[in-house]
Amino acid sequence: MKIAVFTDVHGNLKALKNVLEQIKEKKADKAVFLGDIFQRGNEEIECLELLKKSGAICLKGNCELYLEHGVDIDPDVEYLRSYYDGMRQKLSSGQMEFIRQMPLFHEEECFGRKIHFSHFLFKDIDAPYPFLQLSSLKNGIFDAACKSNEVAKYDLVAVGHSHQNFEQGNVVSLSATGLEGASFLLIEATEDKINFERFNLN
């Protein structure tokens, strides 16, 4: 089983087309997008439509949550209120419904090994803003979450959001597809083990 993982497109249609083409060339059995279609680029709607058609499993990032619930769910992004209010007006009802129905996480079990995919590690999955804040990477909260039973029960956990490539225990973080230093992850699960390899897009 080969699973390609990418994240944080941020309105960059050229980069999205590039990663989808490279994933196709790698003959992945599945593709998982970890969220954040919007913000920064200027082709967000085109990216949304391409992702809808791509067949990838599309998870919700914080950007999709801001569209769905408004920026009040995150005190750190008040400065983005006008952007998301404007974007909400541009999206069709069908596009908004697609965003609402995007799940927060996805799980695969391959040869008895469990893989978890989400935009970032969760603080409270039932909260309007469920993810840990990015500051958790610096204050030790993310490190503690990586050691929690909720994370340790998986053989591999793939996350985005930080726009950084790193590994912390069984947690693998991906850089942003739509930004400089872009890469995607190819996970290969066999009866013996789970391997992953990063592929640069730039």
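The axes of helix α2 (residues 44-54) and helix α5 cross at roughly 65° and come within 11 Å of each other. Axes here are lines fitted to C-alpha atoms, for helices over the stretch in contact, and angles run from 0 to 180 degrees between N-to-C directions. Helices (H or I, at least four residues) and strands (E, at least two) are DSSP runs, numbered from the N terminus. The model is predicted, and local features need pLDDT of at least 70, side-chain atom pairs count only at pLDDT 80 or more, and totals for chains, interfaces and linings use all residues. Residues are numbered from 1 along each chain as its sequence is written, and side-chain values use heavy atoms, with hydrogens and water left out.

The crossing of α2 and α5 is left-handed; a crossing is given this name if the near helix is turned anticlockwise from the far one by less than a right angle, and is right-handed if clockwise. On the α2 side the contact (heavy atoms within 4.5 Å) is made by Ile-45, Leu-48, Glu-49 and Lys-52, and on the α5 side by Gln-95, Phe-98 and Ile-99. By class, four of these residues are nonpolar, one is polar and two are charged. In this classification Ala, Val, Leu, Ile, Met, Phe, Trp, Tyr, Cys and Pro count as nonpolar, Asp, Glu, Lys and Arg as charged, and the others, Gly among them, as polar.

Helix α5 (residues 93-101) also packs against helix α3 (residues 62-69), at an angle of about 120° and with the axes 10 Å apart. The two helices are therefore oblique to each other; angles under 35 degrees count as roughly parallel, over 145 as roughly antiparallel, 65 to 115 as roughly perpendicular and the rest as oblique. The crossing of α3 and α5 is left-handed. Glu-64, Leu-67 and Glu-68 of α3 make this contact with Met-96, Ile-99 and Arg-100 of α5. The contact of α3 with α5 has three nonpolar, no polar and three charged residues.

Cys-63, Tyr-66 and Leu-67 in α3 meet Tyr-84, Met-87 and Arg-88 in α4. The residues of the contact of α3 with α4 divide into five nonpolar, no polar and one charged. The loop between α3 and α4 contains Gly-70, which counts as buried at 14% relative accessibility. Buried means under 20% relative accessible area, exposed over 50% and partly exposed in between (1.4 Å probe, protein chains only). Gly-70 touches Leu-65 and Arg-88, not counting residues up to four places away in sequence. The C-alpha atoms of Gly-70 and Arg-88 are separated by 9.4 Å, with the two residues 18 apart along the chain.

A nonpolar core is a set of buried Ala, Val, Leu, Ile, Met, Phe, Trp, Tyr and Cys residues joined through side-chain atoms within 4.5 Å. The largest such core has 51 residues, of which Phe-6, Phe-38 and Leu-121 touch the most other members. Its largest share, five residues, comes from helix α1 (residues 13-25). Apart from this core lies another of 16 residues, among them Ile-3, Val-32, Leu-174 and Leu-185. Not counting residues up to four places away in sequence, the contacts of Phe-38 include Leu-48, Cys-63, Glu-64, Leu-67, Met-87 and Ile-99.

Val-19 is placed in helix α1 and is buried, with a relative accessible area of 0%. Beyond four places in sequence, Val-19 touches Phe-6, Thr-177, Phe-184 and Leu-201. Val-19 and Asn-200 are 181 residues apart along the chain, and their C-alpha atoms are separated by 9.4 Å.

Ser-175 is found in the loop between β8 (171-173) and β9 (183-189) and is buried, with a relative accessible area of 2%. Its C-alpha atom is separated by 4.1 Å from that of His-163, a residue 12 places away along the chain. Beyond four places in sequence, Ser-175 touches Thr-7, His-163, Gln-164, Asn-165, Gly-181, Ala-182 and Ser-183.

Most residues other than glycine have a negative phi. Asp-8, in the loop between β1 (2-6) and α1, has a positive phi, near 50°. Asp-8 counts as buried, at 0% relative accessibility. Phi of Phe-111 is likewise positive, near 55°. Phe-111 lies in the loop between β4 (105-110) and β5 (113-118) and is partly exposed, with a relative accessible area of 48%.
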